[in-house]
Amino acid sequence: MKDNSMKKIQTILMASLLLMSTYADDTVLKLTYETLDFDNSKKKDKGKRVGIALDYKQENSLYQLLYEKTDTDTFQPPLTKDLKVDKYYFKYTRKLDAVQAFSLSYATIDDNLMKETDGGHIYGLGYCYDDFGLTQYLSDYKHFNVYQTEAKYTFKKQFGEVKTSATILGKYIHLQDKGSNDFSKNAKENYFTPGVKLHTDYKGYHFGMGAFFGKRIFAVMNNGFKVQHHAMEFKETYMCGIGKHFERGDVHLKYVYQKASEIPIHNDNVKVQNIILQIGYHF
């Protein structure tokens, strides 16, 4: 897997440049920088994550690519070295008519420490009808699989120049063969996580907040563009963000606070804080 990392990066970047040069009017390039701070963890201390994403829309088709690189300082022992993770994402969305669309997604993981999920393949199939969406994910790992079903519904309302929306969603997660290894055996077989997201748009300014309640593990998040592949059982998630849209660009700042447990070693009360800055440019 490691030998192919640079080739994958080069392939993604070359594809991105090709799309940008060929269809410049329908392309968005996004650059992300993120900090991670772990409190009460016995494995992780602090980390940083950088990402490059490309969205390209052609008529009724939307193609999305994302590459993320995460470097995390670890405690040694118990771990033997710092954690380095590369993740690669692809998603295709096809609009069928004015209210219907379907999507296909894929992600893969290159992790230098977590061998149980290193090389994992995550597949997604989604369907959207108006404001309702349903997506099924399969995370295919070496010794176990994770099935996730996600349903969501969005309510929209406009007050003059103020546009608002509220999304309610639920994630059902099932672990298959979780007892086959020490990495996942302490997890439950089934999880259900409800969540809510609120968003406001006023004259190009964006304000958002959200929360997830209930436990989850090995979850697919952010519409298929985030995979939680470590054996951390998340209990609560709170997030808020602000952004501004310019003529050809966007700037977003987001804060995320989570509570979790490191289940292989029964370490509770882990707190994770993320600060995320994203800059986008429209070609």
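**Notes on the predicted model**

1. Lysine 46 has a relative accessibility of 42% and is therefore classed as partly exposed. Buried here means under 20% relative accessible area, exposed over 50%, and partly exposed in between, with a 1.4 Å probe and protein chains only. Lysine 46 forms a salt bridge with aspartate 37, with 3.1 Å between the closest N and O atoms. A salt bridge is a side-chain nitrogen of Lys or Arg within 4 Å of a carboxyl oxygen of Asp or Glu. Aspartate 37 is likewise partly exposed, at 29% relative accessibility.

2. On the basis of the model: it is predicted, so that local features need pLDDT of at least 70 and side-chain atom pairs count only at pLDDT 80 or more, while totals for chains, interfaces and linings use all residues. Residues are numbered from 1 along each chain as its sequence is written, and side-chain values use heavy atoms, with hydrogens and water left out.

3. The salt-bridge count comes to ten. One of these joins glutamate 34 to arginine 49, with the closest N and O atoms 3.0 Å apart. This pair links distant parts of the chain, since glutamate 34 belongs to strand β1 (residues 27-39) and arginine 49 to strand β2 (residues 44-58), 15 residues apart. Strands are DSSP runs of E with at least two residues, and helices are runs of H or I with at least four; both are numbered from the N terminus. Glutamate 34 is buried, with a relative accessible area of 6%, and arginine 49 also counts as buried, at 11% relative accessibility.

4. A further salt bridge pairs glutamate 233 with lysine 215, the closest N and O atoms being 3.7 Å apart. Distant parts of the chain are linked here too: glutamate 233 is in strand β14 and lysine 215 in strand β11, 18 residues apart. Glutamate 233 is buried at 8% relative accessibility, whereas lysine 215 is partly exposed, with a relative accessible area of 36%.

5. Histidine 230 is located in the loop between β13 (226-227) and β14 (232-245). Its relative accessible area is 10%, so histidine 230 is buried. The side chain of histidine 230 makes a polar contact of 2.9 Å with that of aspartate 111 and another of 3.1 Å with that of histidine 229. A polar contact is a pair of N or O atoms within 3.5 Å; within protein, one must be able to donate a hydrogen and the other to accept it, and residues adjacent in sequence count only if both atoms are side-chain atoms. Leaving aside neighbours within four places in sequence, histidine 230 is in contact (heavy atoms within 4.5 Å) with Lys44, Leu83, Asp111, Met114, Phe183 and Phe218.

6. Histidine 229 also has a side-chain polar contact with lysine 87, at 3.2 Å. Lysine 87 lies in strand β4 (residues 83-95) and is buried, with a relative accessible area of 10%. Beyond four places in sequence, the residues in contact with lysine 87 are Leu66, Tyr67, Glu68, Thr108, Ile109, Val227 and His229.

7. Strands β8 (residues 145-159) and β9 (residues 162-176) run antiparallel and are joined by 15 bridges; two strands pair if DSSP finds at least two bridges between them. Lysine 156 stands opposite serine 165 in β9. The hairpin of β8 and β9 has two residues between the strands, and glycine 160 takes a positive phi near 65 degrees in it. On to the next pairing: β9 and strand β10 (residues 190-202) are antiparallel and share 13 bridges, with histidine 174 opposite asparagine 190 in β10.

8. Which residues make the nonpolar surface patch of about 780 Å²? The patch is made by Tyr205, Phe207, Ile242, Phe246, Val251, Leu253, Ile275, Leu277 and Ile279. Two or more patch residues come from each of β11 (205-216), β15 (249-262) and β16 (267-282), and β16 gives the largest share, three residues. Isoleucine 279 is found in β16 and is partly exposed, at 47% relative accessibility. Patches are made of residues with over 30% relative accessible area and no salt bridge; like charges are joined within 9 Å, and nonpolar side chains (Val, Leu, Ile, Met, Phe, Trp, Tyr) within 5 Å. Accessible areas come from the Shrake-Rupley method with a 1.4 Å probe; for residues, only the protein chains shown count as cover.
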